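Have the coordinates open as you read.

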Amino acid sequence: MVVGLPDAGLVGGISVSHLIRELKAREVGGIDIARMMPPLVIVKDGTPRPPLRLFLAKDSILILVAETPLPPSAYYSLSYALLDYSARRRIDYIVSLTGLSSPNRIRTDKPKPYWAASGRKAIEVAEKLGIERFNEGILIGPYAIILKECFRFRLDNIVLLVESFPDLPDPEAASVAVRLFGKLSQVEIDVSKLLEEAELIRLRTKELMRQTSKIMSQIGKGMEMQPTLIYT
Amino acid sequence: MFWESELERLKRYLRRKIEDLFQELEKERTPEVSGESEAELEEPLHTFYELPEKYVVVCDIPACDETKIEVLGYTRALEIKARLKREVKLEQIGFRCASRSLKEYKKRVSLPEDADVARILYTIRAGRLIIEIPKKNRSVF
């Protein structure tokens, strides 16, 4: 299962939207948490859809996408719902795609990716990606809960973090995440359309980014850029 | 003469102050409207970094005309204006607001006291405006 939630640079959301399109995924379900999600409904083809939508590609890749920012009060319930569902469906790996706020992004057109993982199988797979491990730092948000709670459900989680702008939609960083997911899942995924349409994506996702930034500042997302206390 | 240079300094100071005052008045005149008002529509997203020797403001200005960008420095503020290559009708990019369109980005960014606006440098990379403002009393570039 690959997860893309609104986060730094909207890397997760942009990545999974591209995956859905490129892999011609079909909608198979979704997650809603009554009383915890904002009072809105996404309507597609005249019918309501859950705030977190599940798509299936290649008969084996489940893609979870959220089209609106998630309220922090729903993070735990959502993460546990996701973990519980993954355990019941015997999902092999949960792959979280996300941005990593970094000032290095100002200086480069090729944002650097890192991995963090929970579970022996996940670590083995991540090590073969040929990218650096996220050695030390803090993660905040639903991805953090999924990563730290995975072992309770005996699940394997790989988080692919790509350096990104925190408050600007970053399709270039998303293209790096998509390429890595392709390598991980051994599925060829073309990112040329994503890069060609980067300008349009940034125009279209401006308001979602604005709303997401507000929530990120509420949960202290800026702390991700700080060093940890214990440095040995 | 000492008093002449002092007078020059005073003139520069007053000019800056007057410019700032007009900027503030202009801002006050813009009505606050909830939802995506005209001002919000034109306001690009930005992010702000503090590095040891400088501040960096990155503004997202997709589809802008790189030859029509204006960055002005004021005391403790930056003003950014950028025209788009062509008018973008929001309806054409998937929004349900038929009459709205975007022609220009406008943004005013507050700066810390030690930002040296006289030494601003800016570059454009992949449709993002990267403005570097050195900190006062530090040589950077």
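In this predicted model, α2(A) meets α4(A) through A:Tyr75, A:Tyr76, A:Leu78, A:Ser79, A:Leu82 and A:Leu83 on the α2(A) side. The α4(A) side answers with A:Pro142, A:Ile145, A:Ile146 and A:Glu149. By residue type, that contact splits into eight nonpolar, one polar and one charged. Helix α2 covers residues 75–88 of chain A and helix α4 covers residues 142–149, and the two pack at an angle of about 45° with their axes 9 Å apart. That angle makes α2(A) oblique to α4(A). As for handedness, α2(A) passes α4(A) in a right-handed crossing.

Chain A has another helix pair worth a look. Helix α1 (residues 11–22) and helix α5 (residues 171–185) of chain A have axes that come within 8 Å and cross at roughly 55°, and so α1(A) is oblique to α5(A). This crossing is right-handed too: α1(A) passes α5(A) that way. From α1(A), the residues involved are A:Val11, A:Ile14, A:Ser15, A:His18 and A:Leu19. They meet A:Pro171, A:Ala173, A:Ala174, A:Ala177, A:Val178 and A:Phe181 in α5(A). The make-up of this contact is nine nonpolar, two polar and no charged residues.

Here are the two pairs side by side:

| Helix pair | Crossing angle | Axis distance |
|---|---|---|
| α2(A) and α4(A) | about 45° | 9 Å |
| α1(A) and α5(A) | roughly 55° | within 8 Å |

Now for the core. Which residues have the most contacts inside the largest nonpolar core? They are A:Leu160 and A:Ala177, in a core of 76 residues. Helix α5(A) gives the most to this core, with seven residues. A:Ala177 also turned up above, as one of the α5(A) residues that meet α1(A).

Is A:Val16 buried or exposed? It counts as buried, because it has 26 C-beta neighbours inside 10 Å, and 20 or more are needed for that label. Again leaving out residues up to four places away in sequence, A:Val16 touches A:Val2, A:Gly4, A:Ile63, A:Val65 and A:Leu97. One of these, A:Gly4, is 12 residues from A:Val16 in sequence and 5.6 Å away in space, C-alpha to C-alpha.

Most residues other than glycine have a negative phi. A:Asp59, though, has a positive phi near 60°. You'll find A:Asp59 in the loop between β5 (52–57) and β6 (61–66) of chain A. It is exposed, with 5 other C-beta atoms within 10 Å. The other case is A:Arg90, with a positive phi of about 50° although it is not a glycine. A:Arg90 lies in the loop between α2 and β7 (93–101) of chain A, and it counts as exposed because there are 7 C-beta neighbours inside 10 Å.

On to the interface. How many residues does each chain put into the contact? Chain A gives 17 residues and chain B gives 18 residues. On the side of chain A that touches chain B, the elements giving two or more residues are α7 (198–204) and α8 (206–218) of chain A. The largest share, five residues, comes from α7(A). By type, this side of chain A holds eight nonpolar, no polar and nine charged residues.

Finally, chain B itself. It has two helices and seven strands, running along the sequence as α-α-β-β-β-β-β-β-β. Of its 141 residues, 18% are buried. Among contacts in chain B with a separation of 6 or more, 53% are between residues 24 or more positions apart. B:Lys11 counts as exposed because it has 10 C-beta neighbours inside 10 Å. B:Lys11 and B:Glu79 are 68 residues apart in sequence and 22 Å apart in space, C-alpha to C-alpha.

Note on methods:
Residues numbered from 1 in each chain as written. Chains lettered and ligands numbered in written order. Predicted model: local features only at pLDDT ≥ 70, side-chain atom pairs only at ≥ 80, totals over all residues. Contact = placed C-beta atoms within 7 Å. Helix = DSSP H or I, 4+ residues; strand = E, 2+ residues; numbered from the N terminus. Nonpolar A, V, L, I, M, F, W, Y, C, P; charged D, E, K, R; others polar. Axes fitted to C-alpha atoms, helices over the stretch in contact; angles between N-to-C directions. Parallel < 35°, antiparallel > 145°, perpendicular 65-115°, else oblique. Left-handed = near helix turned anticlockwise from the far one by under 90°. Core = buried A, V, L, I, M, F, W, Y, C linked by C-beta atoms within 7 Å. Buried ≥ 20, exposed ≤ 12 C-beta atoms within 10 Å, placed from the backbone.
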